Amino acid sequence: MTIGLTGPPGVGKSTLGNALVRKARSHGKSVGVVSVDPSSPFSHGALLGDRIRLTEHFTDREVFIRSMASRGHLGGLAGATADAVLLMDAFGMDVILIETVGVGQSEIEIAELAQTTVVALQPGSGDSIQVLKAGILEIADIFVVNKKDHPMANQLKHEIRSMMEMLDFSGWVPELIMTQATSGDGVDELWAGIERHVAYLRESGELDEKRREAFAHQVRQLALGQLERKLDRQLGSELAAGVDPYAAAERVLHAFGVSSEIVDEPARVPHVRASVKGLT
Amino acid sequence: MARPLRIVIAKAGLDGHDRGAKVIARALRDAGMEVIYTGLFQAPEQIVQTAIQEDADGIGLSILSGAHMTLFPLIVERLKAQGAQDIVFFGGGTIPPEDAEELKRLGVREIFTPGAPLADIIKFVERECGSRRELVG
């Protein structure tokens, strides 16, 4: 069972994660936690602090926690997160919990990797609706409104409900669960919701589909990574001054033996002759 | 390019003063390292388990409570018991020079006391933890 936990910074992802680990342990399940925090784009260093909420599990031999820095990877995870999850699975972890970096609006890679994606939001921050607008809504299997003791918690609940009414769901309809992670209030309901979703995936056959998707995603990531490095090397030798970017892209692809159908997609603008001297 | 160094910064025992630990954590981060902070009040076993699970190159322990002669040796011992002596163990805090000497004799790689320049600490971590990184890849 692979659970993805995502949401804006400060919403309580780590605290919710801790509550879920405790819950899984009470059922006798072993747990792997992969927690991703951002690397500084300037120093490439990182401060990985998600463990602070998990200290009670440090000496539990059935809980393995690995913090990862994003190391420049976009999408809310680290480049090696999928590998870490695969390893934990291979080592027989019953539950694997993946915590993303605090996401903004488009970090939805978690949905490719996790079986159940939990999107946590908090009341009282106008940001939550911003998040709902832009892609996070579509990846949620379960919404959590954390900090349910907040006076505006109910308002957020209604806002999420009305957002959901505008979407057409086939199959699973995302659940909405109110929690207060610090006290553990609502965590039983969240766990039950996750179990319901996993059961749904099994019965509907979507689980196999998800596994294939996760596999395809990883292959794509690996292949694209290789391609990008190759492309960067090619760029230096292929680009000449006075070539427009579309023609340059065509030439680079040509060097790879790829026909130009991809670069034809956006309409060519013949009168643009931007110099790319700076790139060579 | 070599991967970033991974360093656990820890606070052990009944010691709530973590300003120093946070300054060090920040300095190491700005030097390009990945710093895992454990939070306060950790038992030696929790710190050792963290370093192993995180595949850390080093552990930096901050102690301002006066319990350094108990907690440092306990961690050295646990690291040995786990076969993890390759992890560079260093620390800092209000530690008298004669205690620092004794701790170094027991296997703590270096002790930094108040006034130690950040640049020296960074240089030490880069050198010592860097050779550990070379060793394990």
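This is a predicted model: local features need pLDDT of at least 70, side-chain atom pairs count only at pLDDT 80 or more; totals for chains, interfaces and linings use all residues.
**Two chains and their contact**

Good morning. With 14 C-beta neighbours inside 10 Å, B:Phe41 counts as partly exposed, because a residue is placed in that class when its count falls between the exposed limit of 12 or fewer and the buried limit of 20 or more.

B:Phe41 sits in the loop between β2 and α2 (44-53) of chain B. Its phi is near 60°, a positive value in a residue other than glycine. For context, most residues other than glycine have a negative phi.

A:Arg71 is not a glycine, yet its phi is positive, at about 45°. This residue lies in the loop between β4 and α2 (81-90) of chain A. A:Arg71 has 16 C-beta neighbours inside 10 Å and therefore counts as partly exposed.

Let me now turn to the contact between the chains. How many residues of chain A are in contact with chain B? There are 18, and they meet 21 residues of chain B. On the side of chain A that touches chain B, the elements that give two or more residues are β3 (46-48) and β4 (63-69) of chain A. Of these, β4(A) gives the most, with five residues.

Finally, the strands. β3(A) is joined by three bridges to strand β2 (residues 34-37) of chain B, and the two run parallel. Within this pairing, A:Ala46 has B:Glu34 of β2(B) as its bridge partner.

Thank you for your attention.

Conventions: Residues are numbered from 1 along each chain as its sequence is written. Chains are lettered from A and ligands numbered from 1 in the order in which they are written. Two residues are in contact if their C-beta atoms, placed from the backbone, lie within 7 Å. Helices (H or I, at least four residues) and strands (E, at least two) are DSSP runs, numbered from the N terminus. Two strands pair if DSSP finds at least two bridges between them.
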